[in-house]
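Here's a quick tour of one model, written for someone who likes cut-offs spelled out. Have the sequence and the 3D view open as you read.

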Amino acid sequence: MAITTQQLIQWKQQGRSIVALTAWDYAIAQLLDAAGVDLILVGDSMAVVLGYQTTLPITLDETIYHAKAVRRGVKRAFLLVDLPFLSYQESIQQAIHSAGRVLKETGAQGVKLEGGYPEMVETVARLVKAGIPVMGHVGLTPQSVHQLGLRQQGKTQEASERILSEAIALEQAGAFGMLLEHIPADLAMQITQKLTIPTIGIGAGPHCDGQVLVTSDILGLAEKSPPFAKVYTNLRETITKAVQDYALEVRERKFP
Ligand code: KIV
């Protein structure tokens, strides 16, 4: 049975930690799902896998294309899709149109969007009213890279109060979950205790209701990973070695 928003909220109440990872194609999605990952995010971080420096160039059509492939590989996990930069910020109508396309065309169960006060709180309320499950995303929001950089957010009293109140406002607007990116662990703990919806952390310490990482980081496929990511295996090395072995055997006429 596919995991639902209600299940994720229930796991928070039960103290069961939620395991989340990103996917961008069928093969990776199938492996993550079979390995028991609870939530699979078609994140706009797939920009990096596609060779971009930031998440900004990804379009809604590209997102939908990848999300459809991921959907075909996912049977059990909750499937969440990022709304890409400028596919939801222009107006509430634009957000409903984009999120609606994602749900209708990909079979995803929810969308994630970045930001809080005041516009995104209203946008989330309207999406939820239209029947679209939304996860909020506060702290470091990579779509604002040219304003915020990729630095940890919420370090001053004022900034941490703002992030906390944004998370509360997004929950009140109807968000079913909250992604907390690159904020101090004690702030993430405070938000996690205050909210009744699950928090999923990335670079936000151990006290969130779940953790997410970018799959190319944990697999060692990324050229460069953020300091908070853990690299569990080095596929760059493994793939390079396999390709070199193959090339050598072809050149030396040992294969086939
Ligand atoms: O796009 C993405 O991969 C994200 C991460 C913060 C998980 O949103």
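Which residues have the most contacts inside the largest nonpolar core? They are Ile40, Met178, Leu180 and Ile191, in a core of 71 residues. Helix α8 (residues 157-172) supplies the largest share of this core, five residues. A nonpolar core here is a set of buried Ala, Val, Leu, Ile, Met, Phe, Trp, Tyr and Cys residues joined through side-chain atoms within 4.5 Å. Helices (H or I, at least four residues) and strands (E, at least two) are DSSP runs, numbered from the N terminus.

Some ground rules: this is a predicted model, with local features needing pLDDT of at least 70 and side-chain atom pairs counting only at pLDDT 80 or more, while totals for chains, interfaces and linings use all residues. Residues are numbered from 1 along each chain as its sequence is written, and side-chain values use heavy atoms, leaving out hydrogens and water.

Now for some strands. β6 (residues 177-181), helix α9 (residues 185-194) and β7 form a right-handed β-α-β unit (clockwise from the first strand over the helix to the second, with the strands pointing away from the viewer). β6 and β7 run parallel and are joined by four bridges, with Leu179 opposite Ile200; strands count as paired if DSSP finds at least two bridges between them. On its other pairing, β7 is parallel to β8 (residues 210-213) over two bridges, and Gly201 has Gln211 as its bridge partner. Within β7 (residues 199-202), Thr199 and Gly201 point one way, Ile200 and Ile202 the other, and all are buried.

Buried means under 20% relative accessible area, exposed over 50%, partly exposed in between (1.4 Å probe, protein chains only).

Contact means heavy atoms within 4.5 Å. Leaving aside neighbours within four places in sequence, Lys12 is in contact with residues including Thr192, Pro198 and Asp209. Lys112, not counting residues up to four places away in sequence, touches Asp82, His137 and Leu179, among others.

Lys112 also turns up in an unreviewed UniProt entry, whose "binding site" annotation covers Asp44, Ser45, Asp82 and Lys112. They are spread over 69 residues of sequence but cluster in space, with a largest C-alpha distance of 12.5 Å. Such annotations may be inferred rather than shown by experiment. Ser45 sits in the loop between β2 (39-42) and α3 (46-49).
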